[in-house]
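The following report is for a reader who wishes to examine a model with its confidence values in view. Please look at the chains first, and then follow the text.

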Amino acid sequence: MNITHPESLIFWTVIVFVVLFILLRKFAWKPILSAVNNRESKIEEALEAAKKAREEMENLQADNEKMLAEARAERDAMLKEAREIKDKIIADAKEAAATQGAAILEQAKAEIESEKKSALVELKTEVANISLEIAQKVVKEELSDEAKQLKQVEKMLNEVTLN
Amino acid sequence: MIAKTTIKRTLLLFLMFTSILGFSQEHHEAEKKADTEEEFDATELIMHHISDAHEFHVADINGESISFPLPVILWTDNGLVTFMSSEFHHDNTGEHVVEKNGMKFVRLHEEIYYANKHGGITLNEEHHAENRRPLNFSITKNVFSLFLAAALMLLIFIPTARSYKKGNGVMPKGIGRFMEPLILFVRDDIAKPNIGEKKYKAYMPYLLTVFFLIWIGNIFGLIPFFPFSGTLTNDILFTGVMAAITFLITQFSGNKEYWGHIFWMPGIPVPMKIIMAPIELIGIFTKPFALMIRLFANITAGHIIILSLFSLIFIFGTAWVSPVSVGFALFMNVLELLVAALQAYVFTLLSALFIGQAVAEHDHH
C-alpha cells in the first residue's frame, strides 16, 4: 500500500481519539466502572453481612447447645441430689424408727419390769395381809384348839401358793 | 428501548450522510473499455482496496463507478481550501484539474498536488511527481471509518452508562447487560493482571477506548459494503498513532525504577550495565513499534488473503473457481472475525503490559 498524505489520517486520528477518549471517559467509562465497583462492593458487603449473620447464628446455636447441656447437667445433678436426699431420709427414718422402736421396747420392758415389781410388791403385801389374816385366824383357832389351829395353818399355807 | 433508539439514531446518521452528500455517479465509458482490454492485475486491485482514498468506493455497476464523495480539506499557500472529492471525477492520473481559490489542483495516485504551469504533473525519472503539494487534511475513507467507529462507540457506550441508572445504579439494563462482560473482561483480564490492583484504575479509560476502537475498526473492515469496509486498522498510520499514544502514556507513567532499569539495570556487573542501557533504550521504541506493525500486518494480511482468493476467479478467468474462492474466503472471513477481536485484545494487553512495566514497584532490593 502507498502511504499518501500521512498528515490527514494522523491529524484526524489524534483529534478523534482524544475527543472520543474524553467523551467516553466522562460519559461512559467512569459511570460504568463506578457503577460496577459500587455493585461489587455492595455484593461484597452483602456477602460479608451474610457471613457475619451465619457466624452469629452459629454462635447462638452453640450458646443454645451449651445452655441445654448445662441445663441437662443441672437437672441430672438435681436428680442425683434428690435421690441422695431421699436415700438419706429413708436411711434416717429407718434408723430413727429402729432407735425409737428399741427405745419403746426398752421402755416396755422397763414398764413390764416395774409392773412386775409393783405386782410382786402388791403380792407380797397381799401375801402379808393374807398371812396376817391367816395368822389372825390361826391365832383365833389356836386359841381354841391347838391341834386344829396347826392343821388350819398348814391347810391355809397349802392353799396359798406363791405363784 | 435503548437498542431501539440506538438503531434509530444510527439510521438517522446514515440518512443524514446520504441525503446531504448524495451519491455521485460517474460514467467512465472510456476507462471501462480500457479496463476490459487490460490484463487483470491482482496486485493493483488488492493494493487499491487496502489503501486509503479520497472517496468511498461503493460499487461498480455496468462500468459506472459509484462512489461516496468525501470532503477534501487542503491547507494551501493561500489558506484553507475545501471541496468534495467528486470534483476530481474519479481522476487519479493527474489529468483533471480542479480550480479553487485561484489555485489548480491535480490528483495522482490519491495524492493531491498543485498543478504545474501546464495544468498537469511533472514526473521525474522514477515516475514520481515533482510538484509541490498542499497539506492535506481530507476526510479520507479511513478518516471516515474512524468517525463512524467513534460515533458508533459513543452510541453504544453512553447508553450503556445510562442503562446503569435505570437499573438503580447497580444492575445494567438492555445494552449494558451486553457490554458489561466486555468491559469487565478488559478490567479483569487485561488491566488488573498487567498493571496491578493498585494502579489499573487510571488507565482503564484508555485501555477500554483503545480496545473497542480497534475491535470496531477491525470489524468494519470485514463488512464488505458501504458505509463500512473502510479498514482503519490496516492503515499503518492509524496503528502508528495508537502505538504512539501507548508509548507516550508508558513513558509518562514510568517511575524511578522503570528508568532505573533502563539506564542502570540493577543486579548485573557495571560493564553489562553500560551495554544494557542502549539496548533497553532501543527497547522503549521497539515495543510500540512492534505494536504498530503487529496490528497493521495482521489485519492487512487477512484482507490481502481474502482479496487474493477472490482474485483467483479473475486470474483463472473462469467462474468454476468461485466455489473454492468463496469457500476459502468465507473461512478466512470467519477467521478474521476472530483475529479482529484477538488483535484488539493483543494490542490492549500489550499496552497494559508496557504500562504495567513502567509503573511496577519491584520488591527485590
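A residue is called buried if 20 or more other C-beta atoms lie within 10 Å of its own, exposed if 12 or fewer do, and partly exposed in between, with C-beta atoms placed from the backbone. By this rule, buried residues make up 9% of the 163 residues in chain A.

This is a predicted model, in which local features need pLDDT of at least 70, side-chain atom pairs count only at pLDDT 80 or more, and totals for chains, interfaces and linings use all residues. Residues are numbered from 1 along each chain as its sequence is written, while chains are lettered from A and ligands numbered from 1 in the order in which they are written. The model scores ipTM 0.81 and pTM 0.73.

Chain A holds two helices and zero strands, where helices (H or I, at least four residues) and strands (E, at least two) are DSSP runs numbered from the N terminus. The C-alpha trace of chain A spans about 195 × 25 × 10 Å along its principal axes.

| Element of chain B | Residues | Mean pLDDT |
|---|---|---|
| strand β1, lowest | 24-26 | 37 |
| helix α10, highest | 322-359 | 91 |

Over residues 14-37 of chain B, pLDDT stays under 50. Where pLDDT is low, the predicted coordinates should not be read in detail.

Chain B also has an open sheet of three strands in the order β5-β4-β9, with antiparallel pairing, two strands being paired if DSSP finds at least two bridges between them. Because β5 (79-84) and β9 (135-136) of chain B stand at the edges with a single partner strand each, one side of each is left without a neighbour in the sheet.

Methods. pLDDT is the predictor's confidence in each residue, from 0 to 100. Two residues are in contact if their C-beta atoms, placed from the backbone, lie within 7 Å.
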